[in-house]
Amino acid sequence: MMPLVLILIGSWATYHLLTIMYNVSPFHPLSHIPGPTLARATYLPEFYYDFIKHGRYTNSIEKMHEEYGPIVRINPNEVHCNDINFIDEIYTLGGRKRNKTQHNVNHTALSKSVFATVEHDLHRTRRAPVVKFFSRGMIKKLESLIHDMAHILCDKLLSSVNEPVDLVVAYSCFSSDAISAYCFGETFGFMEREGWFSDFHTAELEILRPVYLFRFFPLFRKLARCGKYLVDYLPKDVSLMIRTLNIDFPNKILKTEKEIDEGVFRDRPTIFSSLLLDPKRKKEVDLVDEAGIILGAGTETTSWALVVITFHLLNKPELLARLHKEVSQAVEDPRHLPPWSVLEDLPYLQAVVREGLRLSYGVGGRSARVPIHEDLIYRGDWKGGPVEYVIPRGYGIGMSNRLTHHDEGVFPDSHSFIPERWLDEKNRKQLDRGMVAFSKGARACIGMNLALCEIYVALAALTLRVLPKMKLFETTVKDVEWGYDIIVPMPSPASKGMRVTISPI
Ligand code: HEM
């Protein structure tokens with residue numbers, strides 16, 4: 001027995017040693033891309049910063065760019081780019097096929113969702129029927145739901161005068177209920193409860209905590225699928241989320257299927273009825289995983305953008321005053337807001353939203369694409385001279401919003417909240433190119449229209465009805481700045497939230 005164990009350990013060690021030697025050898029197709037030797041040879045630096053130090057590899061990648069230039073090799077098989085001029089080459093539309101890397105998507109257990117689909121063609125098949133549900137036309141039809149939710153949020157905040165409110169939780173209640181009303185036909189009821197508590201806010205963060213465990217040890221993501229058998233033994237909020245994903249959603253799907261078979265059609269479509277009725281829906285589209293990813297991808301991203309915007313408006317009252325003036329001139333009755341299509345044309349409101357999206361990043365970590373039928377040729381500058389790299393097909397190349405949105409050449413004084421930068425028409429094209437909160441190309445955010453509608457409507461309502469009565473409570477810019485990421489950006493672990501007080505008059 002002992003010699004067999006030794007042979008197995010020896011073979012394992014030899015295999016890894018040979019792999020490391022190959023990774024740093026001139027025979028590796030990425031050998032010409034600069035980067036730290038350990039990162040070129042192994043996944044250890046990524047493992048250390050993302051898994052052990054928890055979601056902090058982006059900081060190291062930033063330092064690598066300072067040392068090695070706009071293109072760096074961040075692990076044996078992946079390149080990172082920090083040049084906005086290359087965005088459209090990486091994140092393309094049309095016939096230029098891009099896979100995701102398996103390593104990147106290993107972090108989610110919803111492996112059959114559009115978000116986690118590696119292969120380009122399969123992704124198209126899965127995405128096409130879902131994307132229709134979030135078209136501008138569909139949002140228009142269901143927009144009144146979002147207006148109702150925004151006013152419920154304002155009413156509830158206005159009645160929360162006795163103690164500080166953490167807007168991270170309050171806005172999460174709003175975005176969870178809004179997304180649920182829009183997609184699933186009924187809210188979760190978080191805003192109807194007494195006090196501010198969203199089961200999903202804590203649950204989602206708990207569920208996202210092991211993302212790097214899943215990325216490096218994908219076996220665990222398979223085990224996560226067994227969560228439904230453990231609902232009675234898990235913490236209450238995590239169990240509720242797992243129950244919703246694994247028990248409630250499948251039941252709703254069965255019910256909707258039955259209704260359709262019986263010819264019962266409801267006035268308001270849900271994502272399930274819309275998908276079940278779509279003739280193009282192929283058997284590869286997994287309704288439960290899609291619903292799960294929509295809930296996961298759509299709640300904390302939207303609410304975090306609103307949190308960041310609110311902080312900066314309260315922190316700089318002159319910005320709030322300017323916004324208030326513009327919105328009040330456009331709105332006759334704060335309780336009856338004009339549609340999103342009118343609000344989004346208000347120049348200062350638009351500038352505030354864009355600046356908030358820039359500083360809230362959307363997705364915290366990098367998102368790589370794999371060109372499968374073409375090599376990409378990068379041409380840029382580094383240390384005053386031209387540089388050129390060929391990124392071979394079959395290898396991942398990605399960018400990180402956290403770095404792109406702080407490109408000082410595009411967004412000077414990038415850590416400051418300056419909506420005015422978006423009003424400079426001469427510069428606007430360049431800013432739009434560097435704005436990737438919703439990503440770009442064929443795998444950009446599916447829920448962008450819904451998210452924008454929620455943000456514009458809620459922000460307009462809050463600006464007129466609540467923000468003039470709101471004050472920051474023991475909250476500083478540190479509470480809304482990037483600290484680390486668990487796919488979604490997170491502030492420093494020391495943060496106690498984005499707390500405010502609301503005065504009764
Ligand atoms: C401010 C709000 C939001 C931001 C900034 C945001 C940002 C993003 C980004 C950057 C991606 C690309 C991720 C990648 O490259 O891997 C993405 C994908 C996605 N988002 Fe959003 N998102 C937001 C809200 C929403 C909402 C409200 C929904 C659903 C209703 C949603 C659903 C999705 C889905 C399903 C994907 C995967 C798309 C695909 O792979 O084809 N997101 N989002």
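Reply: Let us begin with a definition: two strands pair if DSSP finds at least two bridges between them. Please note also that this is a predicted model.

Me: How many residues lie between strand 6 and strand 7 in their hairpin, and which residue in the turn has a positive phi?

Reply: Two residues separate strand 6 from strand 7 in the hairpin, and Lys383 in the turn has a positive phi of about 50 degrees. The two strands, residues 376–382 and 385–391, run antiparallel and are joined by seven bridges. Within this pairing, Tyr378 stands opposite Tyr389 of strand 7.

Me: How is a sheet of several strands to be read?

Reply: Strands of a sheet pair through backbone hydrogen bonds, in either a parallel or an antiparallel manner. In this structure, five strands form an open sheet in the order 1-2-8-5-3, and the pairing is mixed. Strand 1 (71–75) and strand 3 (98–99) are at the edges; each has a single partner strand, so one side of each lacks a neighbour in the sheet. Inspect also strand 5 (residues 366–371) and strand 8 (residues 396–400), which are antiparallel and joined by four bridges. Here Ala368 has Gly398 in strand 8 as its bridge partner.

Me: Which helix lies across strand 1, strand 2, strand 5 and strand 8?

Reply: Helix 4 (residues 57–68) does, and this helix runs at about 140 degrees to strand 1.

Me: In what order are the strands of the three-stranded open sheet, and is the pairing parallel or antiparallel?

Reply: The order is 4-12-9, with antiparallel pairing. Strand 4 (165–166) and strand 9 (470–472) are the edge strands, each pairing on one side only. Two bridges connect strand 4 with strand 12 (residues 499–502), and Val165 stands opposite Val500 in strand 12.

Me: How does one describe the packing of two helices?

Reply: Two packed helices are described by the angle between their axes and by the distance between those axes. Helix 16 (residues 317–330) packs against helix 21 at an angle of about 105 degrees, the axes being 9 Å apart. Angles of 65 to 115 degrees count as roughly perpendicular, so helix 16 is roughly perpendicular to helix 21. Leu323, His324, Val327 and Ser328 of helix 16 meet Ala460, Thr463 and Leu464 of helix 21. By class, this contact has four nonpolar, three polar and no charged residues.

Me: How many residues surround the ligand, and which are the closest?

Reply: The ligand is surrounded by 24 residues, of which Gly298, Gly362, Ser367, Cys445 and Gly447 are the closest. Helix 15 (287–315) and helix 21 (448–465) are the elements that give two or more residues to the shell. Helix 15 gives the most, with seven residues. The shell comprises 15 nonpolar, seven polar and two charged residues.

How values were computed:
Residues are numbered from 1 along each chain as its sequence is written. This is a predicted model: local features need pLDDT of at least 70, side-chain atom pairs count only at pLDDT 80 or more; totals for chains, interfaces and linings use all residues. Two residues are in contact if their C-beta atoms, placed from the backbone, lie within 7 Å. Axes are lines fitted to C-alpha atoms, for helices over the stretch in contact, and angles run from 0 to 180 degrees between N-to-C directions. A residue is near a molecule or strand if its C-beta atom, placed from the backbone, lies within 6 Å of it. Ala, Val, Leu, Ile, Met, Phe, Trp, Tyr, Cys and Pro count as nonpolar, Asp, Glu, Lys and Arg as charged, and the others, Gly among them, as polar. Angles under 35 degrees count as roughly parallel, over 145 as roughly antiparallel, 65 to 115 as roughly perpendicular and the rest as oblique.
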